[in-house]
Amino acid sequence: MTAISWNRDALVSKAPIAPSERMSPHADQIHNNDDWKSDMQPFYARATFMKMGPLALVYSILFNSVLRILSYAPFNSLLRINPSTLHPEDCFKIPNSSTPPIAIITGSNTGVGFETAQGLVQRGYHVILACRNRQKGLDAVHKINQHIITSCREEDESKVVASFLQPLDLASFASIRSFCKSFSENYDSLNLLVNNAGINSQGDVTEDGLEMCFQSNFVGHFLLTKLLIPCLLSAKNTYKNNKYKDEAGRIVNLSSVTHHFAPSNERIHPNDGSSDLSENNGIHDKNFWLGSSTPGVSAATYRESKLASILFTIELNKRYGGGGEKVMGIRSVAVSPGSVSSDIWRNESALTQKIYRMVYLTPKQGSSTSIAGSILQLPIDAIYLQPYWHPFMRKMHSTIQSFQRSYPLSFPMFEMLGPYIGHSVTVPRLPADGCGGYKSSGQLWDACEGLTAE
C-alpha cells in the first residue's frame, strides 16, 4: 500500500480559524493563555516512552510507600495530596422529574466506561450504554440496574436506570449512523456524551478502509459526535449554583498520558519498525492526520488518537462553545483516566498482572476524571484533566471549589503513575503550530470531515 504523501507547505498557510466559525469565550481565553501554548515543548519520541515506564514504576512505588509511612492529615494537606472533592454546588442540577438528563457512554460494558456509567446513574442520569456487543451491553445494563436497586431506598428503585439502545461499532461508519438515527428518533436532546471506547491493537483495517485503532479510538468518535451535535445543542444543563451560566450538552473525550509521545516528525512504520524523522518537519497538519488513519503508515496510532482527542476538544469548544451571555454553548473537555488495572491486561503474565494491581488505579478510580468532566463546572481554561499529583503547581485561574489543583505542562512520568488525587486541571502537550494547537485542531477536523464525508 502506498503511503500518504506529506505536503507541509500546502497546509501550513491555511488560516487556523475560518471567519464563519464561532469563537466561544472560554476557547478564546485558552487560546490567549500562554500557559497552554507549548511551542517550546517538543513531543517525546517513542524510544523515550519505552524508557520512561520503568522510571515511573520506581517513582510510584517509592513515593506511595513514603506516603503510607507519613499518611497523616497535616502532611497530606501540606503537599495537597488529599483526593479532590466533587462539591455539590459545582455540579449540574438533576431535575426531580420523570425526564432525567440523558447520557451516552461508548465502550461502557467494562472497565472505566462501566464505572463511569454506574457513577452517573447513581447521580440521577439516564445512561445509554453504547457498546459493540449487544449481549455484553445488556449484561452491563442489568448489573448497573441491580446495583442501583439494591443500594437505593425502595421508593427510588424505578427513578433512573441504565439502558441499551442498539449496538454501536465505532469501526463502522454505517453502524455509527444507524445508532445516531435511532437515538434521534427516540430522544430530543442529549445532555452528555462520553467518548470512552478505545483499543490498543494496531494493523487491522476497518470496513471503511481506515486503520483500525485510529478509527475506533478517534475517527468513529468524531463522526458520532458530529451527528449528535444537534441533540447536544438542544440540551440544557443547569448548575445548582445559579451564579454559573447554563450550558448546552457536555462532551468528554478520553485521552491518555501517551499523547505526550505523538511527535509529527517520527513515523514508526508497522512493517519493519523503522523510524523516519524527516517527514512533516514537526507539523501536525492535515496530511499527518490522514496518515494516522491510513493503514500501513504509522505504528503509533494509539498515541496519535489520544493527541487527536485533545485537539478535538479544542476544536469543539471553538466551533460550538456559544457566544454572549444568552447563547448556551457546548462544553468539551479531554480526560486521562491514568494507568488502570483492568481486563485490557488479561493476556499478560500472572506476575505482570499482580504488579499492575499493586501500582495501577482501579477502574473506579480511573473513572474519576470522566465523572468530574461530566458533571462539574469547569474552569474557563480547562481542556484536560488527569488523576495524579504533580510536584509543581500552576497559578489557579478559577475559584471553583472542586478544582483546587492546577498543574503546568510537566514531565510525562508524573502522569503515568504516582499519588492518586482524583482529578486536576493539567496543561497538555500541544502541537508547535504557532497557535497553541488551534491550527492543528482545525486541520484535524478538516481531515476527519473528508474521511467521514460529513
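Predicted model: local features only at pLDDT ≥ 70, side-chain atom pairs only at ≥ 80, totals over all residues.

Reader: Good. At what angle do helix H7 and helix H8 pack?
Author: The angle between H7 (residues 173-186) and H8 (residues 212-234) is about 25°, and their axes are 10 Å apart. Angles under 35 degrees count as roughly parallel, and H7 and H8 are therefore roughly parallel to each other.

Reader: Is their crossing left-handed or right-handed?
Author: H7 and H8 make a right-handed crossing. On the H7 side, the residues in contact include Phe 173, Ile 176, Phe 179 and Phe 183, and on the H8 side they include Val 219, Leu 223, Leu 224 and Leu 227. Sorted by class, this contact of H7 with H8 has 11 nonpolar, 3 polar and 1 charged residues.

Reader: And what about H9 and H10, how do they pack?
Author: Helix H9 (residues 286-293) packs on helix H10 (residues 301-320) at about 130°, with 10 Å between their axes. That angle makes H9 oblique to H10. H9 passes H10 in a left-handed crossing.

Reader: Which residues meet there?
Author: From H9, Phe 288, Trp 289 and Ser 292 meet Thr 301, Glu 304, Leu 307, Ala 308 and Leu 311 of H10. The contact of H9 with H10 has 5 nonpolar, 2 polar and 1 charged residues.

Reader: New topic: how many helices and strands does the protein chain have?
Author: The chain has 15 helices and 11 strands. It is built of 454 residues, of which 55% count as buried. Among its contacts with a separation of 6 or more, 76% join residues 24 or more positions apart.

Reader: Let us turn to H15. What is its reach?
Author: H15 covers residues 438-452, which is 15 residues, and spans 21 Å from its first C-alpha to its last, close to the expected 21 Å.

Reader: Why is H15 described as largely enclosed?
Author: Because 11 of its 15 residues are buried, H15 is largely enclosed by the rest of the structure. Among the buried ones are Tyr 438, Lys 439, Leu 444, Trp 445 and Thr 452.

Note on methods:
Residues numbered from 1 in each chain as written. Heavy atoms only, no water. Helix = DSSP H or I, 4+ residues; strand = E, 2+ residues; numbered from the N terminus. Expected span 1.5 Å × (residues − 1). Buried < 20%, exposed > 50% of the residue type's maximum accessible area, 1.4 Å probe, protein only. Axes fitted to C-alpha atoms, helices over the stretch in contact; angles between N-to-C directions. Parallel < 35°, antiparallel > 145°, perpendicular 65-115°, else oblique. Left-handed = near helix turned anticlockwise from the far one by under 90°. Contact = heavy atoms within 4.5 Å. Nonpolar A, V, L, I, M, F, W, Y, C, P; charged D, E, K, R; others polar.
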